[in-house]
Amino acid sequence: MPWNVLPGTKQEASNCVVPVSAIYTPIKHFANMPVLPYSPLRCRTCRSVLNPFSIVDFAAKIWICPFCFQRNHFPPHYASISDDNLPAELFPQYTTIEYETPAEKCSSSSVFMFVVDTCIIEEEMAFLKSALSQAIDLLPDNSLVGLITFGTLVHVHELGFGQIPKTYVFKGSKDVSKDQLLDQMGFFLKKPKPPTGVVAGARDGLSSESISRFLLPASECEFTLNSVLEELQKDPWSVPPDERAARCTGTALCVAASLLGACVPGSGARIMAFIGGPSTEGLGAIVSKNLSEPIRSHKDLDKESAPLYHKAVKFYEGLAKQLVHQGHVLDLFACALDQVGVAELKVAVEKTGGLVVLAESFGHSVFKDSLRRIFQFDDYDLGLSSNGIFEINSSKDIKVQGIIGPCASLEKKGPLCSDTVIGQGNTSAWKMCGLDKATTLCIIFEIVKKDSPDDSVQPSSNQFYFQFLTYYQHSSGQMRLRVTTLSRRWVAGPGSIQDLIAGFDQEAAAVAMARLVSFKMEIEAEFDPIRWLDKALIHICSRFGDYQKDSPSSFSLSPRLSIFPQFMFHLRRSQFVQVFNNSPDETAYFRIILNRENVANSVVMIQPSLISYSFHSGPEPALLDVAAIAADRILLLDSYFTVVIFHGATIAQWRKAGYHNQPEHQAFAQLLQAPRDDVDAIIKERFPVPRLVICDQHGSQARFLLAKLNPSATYNTDSPLPGGDILFTDDVSFEVFLDHLQRLAVQ
């Protein structure tokens, strides 16, 4: 939480600028967290769960709920409860605990529907086929698999028909409703269609053998699936030289969603879409076939001159709604040199909690390794879970404005809902169709208390409670409930500033601001992000800094806030705010990942980490500044999406001369190897797998590092450092930025 001591009134909260929020990872992995094999005890009135902050009367066998102060009786099986015989959920150290009710084991195995684009060149096709056959080998035996391929037409493969490959074909430019789909695919040949009600799986109107024609356990259809993939050809429709291929991505995803909705509703099914270019056919097309029309850029979106954009977004919003209703996830693997439409698809991926990977080719390690990670079951597995429902309880005087992150509002109105909505709001429960160990939500609260509290009130009433409940299907198939209960205190009045500073978390604050500014840039027209961030930062510094009025040199910030201006400086320059030089697809991709990662990873995206290796010292953190570059150093830059190993000029010369292969230069070989080992450790635990760039000083790829450094030495500076580098930029350096900030804050 950015504020671990909460501002007590609405006015004070708005003076704090950074919103009162919580960044929460619902199913984060804890080594020593107990999983209790029984159902939780809930409060009669507000349905919150018994927790360590509840007041317990052992004699009367009563517990008092900290949220609504309701007195609840313990059920008979808690009869032996006493001061020294507590159930685990009352232990003070278990503020986060998980319940698993053995009765509710879902028999449904995981379902994967592969949706594969065939409008790609032969070379890409070969890369994609090899990656898919590797993925199929890694699938759990009991998981169900389906395959849809698409180009100009959509082909649904009947994997249950083993003798010859058999497919059902749909026209890409035509919308197919769920009923038409079921009729045309012969679902009602043996068993007539029920006259009323919704067709939904084997329980409602479909025979299980008709479902198993298209969705088969991996162990049974591995051979058929591999043989279909081997024979998969590039889309046969000829493409005129001045046109793009006819690709009906929207229709294919629509068919996949309807098929899963009819066959396996409510199960944790994932549609995995592998897309190699822009959609030009049917609904959800993002550009016309004519090559003379370029794909939309940020400028086109700002000027409203991208005619298909809003239509496509509307179509994918409809698809997102359908998928959320069915409880299914859309994962996107976009591998192409051009844009494929991630910006339009973003809403469907984000609302269903899907994974997204963006790479230049299906042969790139970013794609291949990321796909392998999804099906990997070891220490670094993603812990994919499904069917999550996330709920919040909290003490009165606070409301929820919404959540920025991978979830969809369930429109469950209640006293907790604020009138102002940010992100997925207007509800106190959210659906998370897909979630994993790393999925992180940013919950934005609103303090509604108006008046300043009386001094006569006992100070004991300033404790404040939150409870986050996540009900989800664990990767083992078990239904579980994870409960986290937190206590914070609020302060108000003249002396509260020191308390607020003491509870300030600058990393969490930077991440909350990054998610908020990205959200505002997407929904507010004419929004100026730089101006908004600058005003917020000046406001915070003038409120929480120590200074004498109109004397910039007297300005200082408490250590709890001192790195915050630096985070804001890098956020202003980051790819989340500076969309210049990025396509709308890349910007959408960066924001999807920012909105689902935890604080530690998001901070690396905002302000990359830089480590320096040299003969004089072991690996040590270096300032993210152009002054860190030296001829005899190796630098390792981790900016989350890209990891760069940068060799100084001298090191590069020695390496080219082959010194590291000579036995007497063992130390040099070790120096070259050290950053490689550290990079392997980073890549192993990150999803999507970052792009690795190895470059030399003054080389063309050095731009990956130089773009992120603080330009303290530019072509305008008088004396650049010997052996160092200068940046050709007119951007202000951090020193100048800080100087201006101090001047404005003390006014």
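1. Basis. Residues are numbered from 1 along each chain as its sequence is written, and side-chain values use heavy atoms, with hydrogens and water left out. In this predicted model, local features need pLDDT of at least 70 and side-chain atom pairs count only at pLDDT 80 or more, while totals for chains, interfaces and linings use all residues.

2. Helices α6 and α8. Helix α6 covers 249–263, and helix α8 covers residues 309–326; helices are DSSP runs of H or I with at least four residues, strands are E runs of at least two, and both are numbered from the N terminus. The two axes come within 10 Å and cross at roughly 20 degrees (axes are lines fitted to C-alpha atoms, for helices over the stretch in contact, and angles run from 0 to 180 degrees between N-to-C directions). The pair is therefore roughly parallel (under 35 degrees; over 145 is roughly antiparallel, 65 to 115 roughly perpendicular, and the rest oblique). The crossing is left-handed (the near helix is turned anticlockwise from the far one by less than a right angle; clockwise is right-handed).

3. Helices α13 and α20. Residues 529–544 form α13 and residues 734–745 form α20; their axes lie 9 Å apart at an angle of about 60 degrees. That angle makes α13 oblique to α20. The crossing is right-handed. On the α13 side, D534, L537, I538, C541 and S542 make the contact, and on the α20 side F737, L741, L744 and A745 (contact means heavy atoms within 4.5 Å). By class, these residues are seven nonpolar, one polar and one charged (Ala, Val, Leu, Ile, Met, Phe, Trp, Tyr, Cys and Pro are nonpolar; Asp, Glu, Lys and Arg are charged; the others, Gly among them, are polar).

4. V255. This residue lies in helix α6 and is buried at 2% relative accessibility (buried is under 20% relative accessible area, exposed over 50%, partly exposed in between, with a 1.4 Å probe and protein chains only). Not counting residues up to four places away in sequence, V255 touches I148, V154, V156, V176 and L181. V176 is 79 residues from V255 in sequence, yet the C-alpha to C-alpha separation is 7.1 Å.

5. S267. The loop between α6 and β13 holds S267, which is buried at 6% relative accessible area. Its side chain reaches the backbone oxygen of V264 at 2.9 Å.

6. T470. Strand β21 (residues 463–473) contains T470, buried with a relative accessible area of 0%. Its contacts beyond four places in sequence include Y24, I389, L435 and R480.

Methods
Polar contact = N/O pair within 3.5 Å; in protein donor to acceptor, adjacent residues only side chain to side chain.
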